Amino acid sequence: MAPVADSHHPLAFTFGVLGNLVSTMVYLAPVPTFYRIYRKKSTEGFHSVPYLVAMFSSMLWFYYASLKKNAILLITINSFGSFAEMTYIVIFVVYAPKDARKLTVKLFGIMNVGLFTLILVLSHFLVSRAYRVPVLGWINVAISTSVFAAPLSIVAQVIRTRSVEFMPFRLSFFLTLSAVMWFAYGLFLKDICIAIPNVLGFALGLLQMLLYAMYRNRKQEIIEDHEKKLPAATPDHVKNIVIIATLAASELHPVDAQPNNRNDDGDVNNNVAVTEANEHEQTDDHRHVENASVELQPNETPSAV
C-alpha cells in the first residue's frame with residue numbers, strides 16, 4: 001500500500017485522527033441502549049434500521065477505502081464500525097419480538113448481504129478501473145446520507161408521542177461532531193465524496209438535537225398536568241374514584257360512595273332519631289288503645305252525655 005497521504009496533508013491527518021476518535025464514540029454511543037435491551041430482555045420501542053444502514057455504509061466505505069490510494073484512516077474506522085454494528089444487530093435479533101426479528105433478518109439479507117454483493121460484483125466487472133473509485137464514491141454519498149437520516153425514522157415517533165425516550169441523544173450528538181471532522185478531512189484531501197454527505201449529516205444532527213431539547217422534559221410535564229386535572233374531575237358529591245396506575249394509562253373504576261363527613265353522619269343520626277320517635281308515638285297510641293279496651297266491659301255501654 002502506498003504511503004499514507006495524510007502525511008502530506010497535516011490538517012487532513014489531524015482531522016482524520018480526530019474523526020476516528022469521534023466516530024469510535026459514535027459507534028459506542030448505542031452501548032447504553034443495548035445494555036438496556038440486554039437487561040430487560042426486550043427491544044421495547046427501538047428500531048434496528050439505523051444499525052443495519054450504518055453497517056451497510058461502513059462496509060461500502062471500507063471497500064471504497066481499499067480501492068482508493070492512501071486512505072488508511074477510512075479503513076481503520078470502518079473496520080471497527082462494521083464489527084460494532086454487527087454486534088448490535090445480533091443483540092437486537094436475540095431479544096426482538098418475532099415480527100421485528102424476521103424484519104431485521106430480512107433487511108440484513110437484502111441490504112447487507114445481497115445489495116452489497118451486487119455492488120461489489122457490478123463495480124468490479126462492469127466499471128473500468130479508472131471510474132471505479134468515483135462511481136463507488138457517489139454510491140457512498142447516497143448511502144452515507146441515509147446513515148445520517150436513519151435516526152430520523154424515530155423523529156415521527158418523537159413528534160407523535162412528544163417523548164424522546166427512544167431517540168438516543170448520544171448518537172445524535174456524536175454523529176454531528178463526527179460530520180464536522182470528516183467534512184474537514186475530505187475538504188483537505190479534496191475528496192468531495194467524503195465532504196458532501198457530512199454537510200447534510202451536520203444539518204440532520206442539529207435537527208435531532210433540537211428535537212431532543214424541545215421534548216426531553218415533555219413526558220414529565222404531561223404526567224404533572226394529568227395529576228393536576230384529576231382532582232377537578234372528581235368533586236366531593238360525585239362517587240369516589242379508585243385510580244389504578246398502569247404503564248399505559250390510568251384506569252378509573254367507580255365505587256359506591258361511603259358517608260365520610262360530619263354532615264352525612266348528622267343526617268343519618270337525625271333520620272334515625274325521627275324514626276325512633278315515630279315508633280315511640282305509635283307504641284304509645286297502641287298502648288292507649290289497649291287501655292281503653294280494658295276499661296270497656298262487654299256488658300257495659302259508654303254513657304251518653
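1. At what angle do α2 and α4 pack, and how far apart are their axes? The angle is about 25° and the axes are 10 Å apart (axes are lines fitted to C-alpha atoms, for helices over the stretch in contact, and angles run from 0 to 180 degrees between N-to-C directions). Helices here are DSSP runs (H or I, at least four residues), numbered from the N terminus.

2. A friendly word on the basis: this is a predicted model, where local features need pLDDT of at least 70, side-chain atom pairs count only at pLDDT 80 or more, and totals for chains, interfaces and linings use all residues. Residues are numbered from 1 along each chain as its sequence is written, and side-chain values use heavy atoms, leaving out hydrogens and water.

3. Back to the pair: α2 and α4 are therefore roughly parallel to each other (angles under 35 degrees). V31, F34, I37 and Y38 in α2 meet Y88, I91, F92 and Y95 in α4, with contact meaning heavy atoms within 4.5 Å. The residues of this contact are eight nonpolar, no polar and no charged (Ala, Val, Leu, Ile, Met, Phe, Trp, Tyr, Cys and Pro count as nonpolar, Asp, Glu, Lys and Arg as charged, and the others, Gly among them, as polar).

4. α4 also packs with α5, at an angle of about 150° with axes 8 Å apart. Here M86, I89, F92, V93 and V94 in α4 meet A100, R101, T104, V105 and F108 in α5. That contact divides into eight nonpolar residues, one polar and one charged.

Key: Helices (H or I, at least four residues) and strands (E, at least two) are DSSP runs, numbered from the N terminus. Angles under 35 degrees count as roughly parallel, over 145 as roughly antiparallel, 65 to 115 as roughly perpendicular and the rest as oblique.
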